[in-house]
Amino acid sequence: MKQRIITACWLIPLAVMWMFYLPHVAFVAGAMILVMLGAHEWGKFVFSKNIDIYSLIIALLGALSCWFFNPFAGDLPQTIGRNEVAVGILGMGVSWWIIAVFLVFKYPKIQANRFLNAVFGITTLIPFFWSLVYLHEAQNPQNLLPFNSGSFNLFFVMLLVWCADSGAYFVGRAAGRHHMIPAVSPNKTVEGLLGGIVLSLSVAFALSFFMKDGINFVNVSVAVVIAVIASVLGDLAESMFKRIAGIKDSSNLLPGHGGVLDRVDSLTAALPVYAFIMYLFN
Amino acid sequence: MALQIIRDIAVFLIAIIILVGFHEYGHFITAKKCGVKVLRFSLGFGPIFYKRTGRDGCEYAFSLIPLGGYVKMLDTREGEVKPEELKYEFNSQPVWKRLAIVAAGPLFNILLAFFLFYFMFLMGVQALKPYVSNVEEDKPAYAAGLRNDDLIVRIGDTDVIDWEDVSYTLIQYIGEKSVPVTVKHADGVESTYDLNIDGWSVDRSNPNFLEPLGFMPKLFEPTTRVGFIVKDSAAEKSDLKLFDKIVSVNGTAVNDWYDFISYIHKNPGKDVTFAVQRPIVPADYKGSGTAEEFDKFSYEEKSVTVTPVKDAEGNYKFGIAPFTDAVKSRDVRFIRSYGFLEAIPKSFVKMYSVCKLTVVTIVKFIDGNIPVNNISGPIAIAQSAGMSLSVGIAYFLSFLGIISINLGIMNLLPVPVLDGGHIMFYLYEMITGRKVSEQVMGRLIFIGMFLLLLLMAFAIFNDLYYN
């Protein structure tokens, strides 16, 4: 517990600085580092030892998507085809998470081979990277936030995921009866999931309340519920990969919290899915 | 600059030690009174660099990081407790005792503020002499006989020394038809007038609650010179220039600023032709720019016509404010120190109003009326602390009192990890008769900790960013 708090003491200021106070270019660089650390850990899931060629591949693909997307463009006129590539990469993420539902429910009867697991790393991390960039740079007046800024956009989704997590914990503890997928995660219950959704929705509505212009409550509800379900799925998928690899924590990079992937697992699914829905709504 | 930083840091640390020390002392003394054994009372946290064991068996310590402090009590959750000492242990105390121990810290902070304010009032605070200004001709004050620059000396039978006295005394007459007001004119003659206050009451939404009566406190001594021109106003778009001295408006002589005000009150919306004296300021002029010096310059006569602009509230605005006479304005203010007894209700009222302001500010922050970038952290506090001390001890005491109340009230917020969070757990226990399970408490405390760290990160980065 003490170790957990000490880690939080330097991790939180770092995260706040990264998300809110750095210019977009530096933010993208930070996101790249985060994803590479994640890839490094994914390499261990798949190959049971440190294979950094894998994180290199991820970095290259990330850089490539940067080149397509030009996240550094800022206010410059949009690159031709930018939106098409955006929807392509985010769509890739969404399709993978739909496959993941199937894999998680069928575990351990159906398991993908090593090559596919390596591919899943790419389909998890690249859309994750891109959703970070996309949400951070977005200046949509139509987003779900009281603030017209990408940083808060990102923070909003993170807040939803934490709320879902905490709501699930407390409701699951108090009233959890029906286990969702005991083979992957013995602690997750259907009641907990519902509790998480209710808490996230309440927080999202509370935040939407501050918005000056009218917001579409149907859109908010759809985006929040799907993002929350995706976050649980992200959590489950990581547990599944860790089970396949036979490890408990993805690494010990963040003492008391495990590895980077352990901390962001829910976000790797929630962010691309949320960004994709936002894209559709706009 | 470097010296200033050292001063700020030193003052900040002194302030923290006083505030946190008193807070922890609240926990400490209540714990002892409740019969809980205190193992250590530390100012600062982290490694201990000095400690002494008292006769009561408690360790009194100074620790390395002077940004806080703690009281460590005998507690089964934090270590082994010998069986014979079990009754001195915190966790098994009746819930009201635990509640008292936890609540005492924040309450002591509020109490400390009272004493700080008390000393401040003994030392003296800046006050405004009750000179009358802005007397409007169609309102009760003018009808009674009050004129600009009259000094109010008595209301009813009560002598008044500053504007606060005037407000408090007048409020006591609410509901009466009229109140006798004694004023001293500029020539030293006193006269008593009957001020009609029939139907007057205090409107909470209007801070200028004297406005319906048609007079206001004089805050400074205006001259007839233009001292400020509002951006994009009617005046800025005209030929009127800063430091022009207004001689007449549409042929009506202007002897003081209020002549101008009463003229435009009587003629709303009318174009005004100002006859002005425009000073010719020498290029090498390096004076202090007082009203007297401006009067010495040679000038040219000008005539400028300005069309006032109607604002959102339907008032016609020119967009000018008077140049103030700094020397005469100083006479309006004075330092008022209070007697030992007088200062008690004053400090109490001040304590109450700061508490209220703190709560209102927190509510406004939560409902989104105050943007996130207005949160300031330790760096801004240190700077203000250093600055307030350089203005005077009384200001520093006031500042310290305000921070103390802030600390107390923030600590009472129902966030786990803060005292208010523990109070919430104990209230839950009082209502349901069951303790909050340690696992749940641990998780809640982690969430509270997380939120607190998030807020602190914002505060510190804001300090760095907006400096």
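Chain B is divided into domain 1 (94-124 + 342-467), domain 2 (132-217) and domain 3 (223-325), with bounds that come from an automatic or database domain assignment. Between domain 1 of chain B and domain 3 of chain B, the C-alpha centres are 47 Å apart. The model is a predicted one, in which local features need pLDDT of at least 70 and side-chain atom pairs count only at pLDDT 80 or more, whereas totals for chains, interfaces and linings use all residues. Residues are numbered from 1 along each chain as its sequence is written, and chains are lettered from A and ligands numbered from 1 in the order in which they are written.

The contact between the chains draws on 13 residues from chain A and 12 residues from chain B; two residues are in contact if their C-beta atoms, placed from the backbone, lie within 7 Å. On the side of chain A that touches chain B, helix H1 (2-21) and helix H6 (150-175) each supply at least two residues. Helices (H or I, at least four residues) and strands (E, at least two) are DSSP runs, numbered from the N terminus. H1(A) gives the most to this side, with eight residues. By class, the side of chain A that touches chain B holds 12 nonpolar residues, one polar and no charged. Here Ala, Val, Leu, Ile, Met, Phe, Trp, Tyr, Cys and Pro count as nonpolar, Asp, Glu, Lys and Arg as charged, and the others, Gly among them, as polar.

Within chain A, helix H5 (residues 114-137) has 24 residues and reaches 35 Å from its first C-alpha to its last, close to the 34 Å expected at 1.5 Å a residue; the expected span is 1.5 Å times one less than the number of residues. Because 17 of the 24 residues of H5(A) are buried, this helix is largely enclosed by the rest of the structure. A residue is buried if 20 or more other C-beta atoms lie within 10 Å of its own, exposed if 12 or fewer, and partly exposed in between, with C-beta atoms placed from the backbone.

The axes of H5(A) and H6(A) come within 6 Å and cross at roughly 130°. Axes are lines fitted to C-alpha atoms, for helices over the stretch in contact, and angles run from 0 to 180 degrees between N-to-C directions. H5(A) is therefore oblique to H6(A), since angles under 35 degrees count as roughly parallel, over 145 as roughly antiparallel, 65 to 115 as roughly perpendicular and the rest as oblique. A:Leu132, A:Leu135, A:His136 and A:Glu137 of H5(A) make the contact with A:Gly150, A:Ser151, A:Asn153, A:Leu154 and A:Val157 of H6(A). This contact has four nonpolar, four polar and one charged residues.

Elsewhere in chain A, A:Leu236 lies in helix H8 (residues 217-245) and is buried, with 24 other C-beta atoms within 10 Å. Not counting residues up to four places away in sequence, A:Leu236 touches A:Val104, A:Ile181, A:Val184 and A:Ser185.

In chain B, B:Leu452 belongs to helix H13 (residues 438-465) and counts as partly exposed, with 17 C-beta neighbours inside 10 Å. Leaving aside neighbours within four places in sequence, B:Leu452 is in contact with B:Val415 and B:Val417. B:Val417 is found in the loop between helix H11 (393-411) and helix H12 (419-432) of chain B, and its phi is near 95°, a positive value in a residue other than glycine.
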